[in-house]
Amino acid sequence: MSLVRTCNVCGQKNRVPAKHLADTGRCGACKSTLSPMNEPLEVDPEQFDEITQSARVPVLVDFWAEWCGPCRMSAPEVARTAKGMAGCAIVVKVDTERYPELAAKYNVRGIPNFIVFYGGRLVTQQAGLVDHNQMENWLRSAGPVSAA
């Protein structure tokens with residue numbers, strides 16, 4: 001499975017395999033640089049499985065819901081983590097209202113709920129509001145992180 005990334009230069013939509021989301025690539029049309037993912041990516045269960053299983057870097061998953069005040073409070077911290085860890089980790093978001101079966105699979109009972117995966121394995125899980133420093137620490141301790 002591939003995810004679609006839009007080139008910032010020419011607007012071309014490029015298919016990027018999940019395992020390469022943290023890599024720097026090139027646009028298929030204009031050959032401009034496609035930067036690593038640097039923002040949280042909303043995912044469905046199929047994309048979730050593909051990314052957590054095939055990513056070569058740690059993956060932070062934010063289980064959240066639109067109605068959740070603490071989730072809205074944590075959103076800027078999640079975005080800051082995605083930006084700060086670009087190229088070293090991938091950050092995804094799972095809407096627990098749209099995908100309750102995925103939340104149930106990981107025993108998510110309170111949100112926000114954060115899980116870090118590395119190499120397809122669950123490494124860390126914690127519910128509640130945390131800042132980007134804590135999220136980045138989880139990602140750094142989960143597995144090889146080359147920068148940041």
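How many residues line the largest pocket, and which of them lie nearest its centre? I put this to a predicted model.

**Entry 1: the pocket.** I found that 13 residues line the largest pocket, with Arg-5, Thr-6, Asn-8, Asn-38 and Glu-39 lying nearest its centre. I then looked up which elements supply the lining, and β1 (2-6) and β4 (33-34) are those that give two or more residues. The largest share, three residues, comes from β1. I noted the volume of this pocket as about 230 Å³. By residue class, I recorded six nonpolar, five polar and two charged residues in the lining.

**Entry 2: helix α4.** I listed the buried residues of α4 as His-132, Met-135, Glu-136, Trp-138, Leu-139 and Ala-142. Viewed down the helix axis, these buried residues fall within an arc of 155°, and therefore they line one face of α4. I looked up what covers them, and the cover includes β6 (59-64), α2 (69-84), β8 (113-118) and β9 (121-127). Lastly, I checked the N-terminal end of α4, which is capped by Asp-131. A side-chain oxygen of Asp-131 lies 3.1 Å from the backbone nitrogen of Asn-133.

Conventions:
Residues numbered from 1 in each chain as written. Predicted model: local features only at pLDDT ≥ 70, side-chain atom pairs only at ≥ 80, totals over all residues. Heavy atoms only, no water. 1 Å grid on protein atoms, 1.4 Å probe; cavity = no way out; pocket = protein on both sides within 12 Å on 5 of 7 lines; lining within 4 Å. Points joined across faces, edges and corners; volume = space filled by probe spheres on them. Helix = DSSP H or I, 4+ residues; strand = E, 2+ residues; numbered from the N terminus. Nonpolar A, V, L, I, M, F, W, Y, C, P; charged D, E, K, R; others polar. Buried < 20%, exposed > 50% of the residue type's maximum accessible area, 1.4 Å probe, protein only. Arc of directions from axis to C-beta. Contact = heavy atoms within 4.5 Å. Polar contact = N/O pair within 3.5 Å; in protein donor to acceptor, adjacent residues only side chain to side chain.
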